[in-house]
Amino acid sequence: MSTTPFHLTDKTILITGASSGIGRQTAIECAAMGAKVILTARNDGRLNNVMAELPGSGHSTFTCDLLNALDVSALVNYIGAVDGVVHCAGLVKPFPVSFLTREKMDETIHTNFYTVVELTTALFKAKKVNRGASMVFLSSISGQHPHKGGSMYASSKAALEAFSKTVALEYAAKAIRANCISPAMVKTPMFDDAVAGLSAQAMDEHVAKYPLGVGLPEDIARAAVFLLSPAARWITGTNLVMDGGLLLEY
Ligand SMILES: NC(=O)c1ccc[n+]([C@@H]2O[C@H](COP(=O)([O-])OP(=O)(O)OC[C@H]3O[C@@H](n4cnc5c(N)ncnc54)[C@H](OP(=O)(O)O)[C@@H]3O)[C@@H](O)[C@H]2O)c1
């Protein structure tokens with residue numbers, strides 16, 4: 001058994017959005033560091049594919065639409081107490097401010113913010129969060145640096161950052177920590193969707209602004225592993241910006 005504080009040996013970690021992108025890679029990295037992971041998302045085929053990639057044993061999947069209260073309740077009933085949660089589920093749907101409707105606002109705010117709050121609340125109510133646990137919330141640099149067309153996405157992430165800090169305050173007495181990770185562009189299916197509308201030239205110009213290039217899912221996943229691990233026991237209420245240097249000149 002490892003004695004390094006950077007390990008996740010014997011920890012049970014719940015990962016939302018585990019069927020794709022950052023969530024998928026976080027599941028792989030957590031399992032490689034000794035955790036038992038519970039993968040959740042809507043698409044069971046993709047969840048099973050990720051499950052098949054995991055090293056170690058004792059992992060499980062639970063198909064759940066986080067927008068469906070019954071699904072969330074079933075998920076919380078299904079799992080035992082966890083030592084960490086990585087909230088990766090999210091969507092990006094850009095609209096200019098003048099095109100916003102209540103339906104469009106609800107879709108983004110509900111998926112990116114309310115579902116995270118509802119799952120967190122349900123886990124605490126059911127006493128499914130162990131003393132010493134760590135919660136990691138996937139925000140975005142957009143939460144502090146909004147982009148045109150991203151009003152709802154940026155607002156949902158800013159709200160998430162405030163929520164994470166409140167969880168940190170309310171649960172510090174139980175040594176439960178809460179932190180955000182705020183990435184800039186990371187190469188995932190969400191990234192592919194976001195750039196689909198851009199010309200190759202516009203894309204090249206944007207990528208050139210990153211001193212270290214754009215991110216990979218493993219860059220974010222490894223930071224999540226650190227925040228979940230005992231090595232981060234004194235870190236709570238923070239927001240780790242991961243941008244390959246993008247914001248240095250802003
Ligand atoms: N990629 C980037 O450049 C970037 C940058 C900054 C922040 N982020 C944030 O990082 C997180 C992960 O992004 P990603 O790039 O990995 O995205 P992704 O590849 O599109 O994955 C999104 C995940 O969310 C799940 N999901 C969406 N709606 C759901 C729902 N209603 N119920 C349950 N699961 C749901 C999807 O699973 P199913 O479809 O199977 O349900 C999928 O696993 C997001 O919160 C995103 O805002 C990403």
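**Ground rules**

I am working with a predicted model, in which local features need pLDDT of at least 70 and side-chain atom pairs count only at pLDDT 80 or more, while totals for chains, interfaces and linings use all residues. I number residues from 1 along each chain as its sequence is written. For helices (H or I, at least four residues) and strands (E, at least two) I take the DSSP runs, numbered from the N terminus.

**Strand pairing**

I count two strands as paired if DSSP finds at least two bridges between them. E1 (residues 12-16) pairs with E2 in the parallel sense over five bridges, and there Thr12 has Lys36 of E2 as its bridge partner. I found E1 also paired with E4, in the parallel sense, over four bridges. E2 and E3 run parallel and are joined by four bridges, with Thr61 in E3 as the bridge partner of Leu39. E4 (residues 82-87) and E5 (residues 129-138) pair in the parallel sense over five bridges, and Val82 stands opposite Val129 in E5.

**Strand E2 and Val37**

I call a residue buried if 20 or more other C-beta atoms, placed from the backbone, lie within 10 Å of its own, exposed if 12 or fewer do, and partly exposed in between. Six of the six residues of E2 are buried, so this strand is largely enclosed by the rest of the structure. Both of its faces are covered, with Lys36, Ile38 and Thr40 on one side and Val37, Leu39 and Ala41 on the other. I looked at Val37 in particular, which has 29 C-beta neighbours inside 10 Å and therefore counts as buried. Leaving aside neighbours within four places in sequence, Val37 is in contact (C-beta atoms, placed from the backbone, within 7 Å) with residues including Ile13, Ala27 and Leu54. Val37 and Val82 are 45 residues apart in sequence, and I find them 9.4 Å apart in space, C-alpha to C-alpha. In E4, too, six of the six residues are buried, so E4 is largely enclosed by the rest of the structure.

**Helix H3**

Which residues of H3 are buried? In this helix (residues 69-78) I list Val72, Leu75 and Val76. Seen down the axis of H3, these fall within an arc of 95 degrees, so they line one face of the helix; the arc is that of the directions from the helix axis to the C-beta atoms. The face turned away from the buried side carries the exposed residues Leu70, Asn77 and Tyr78. What covers the buried residues of H3 includes E2 (36-41), E3 (60-63) and H4 (102-125).

**Around the ligand**

I found 29 residues surrounding the ligand, the closest being Gly17, Gly21, Arg42, Gly90 and Met190; a residue is near a molecule if its C-beta atom, placed from the backbone, lies within 6 Å of it. Helix H1 (21-32) and helix H6 (189-195) each supply at least two residues of this shell.

Conventions. Two residues are in contact if their C-beta atoms, placed from the backbone, lie within 7 Å.
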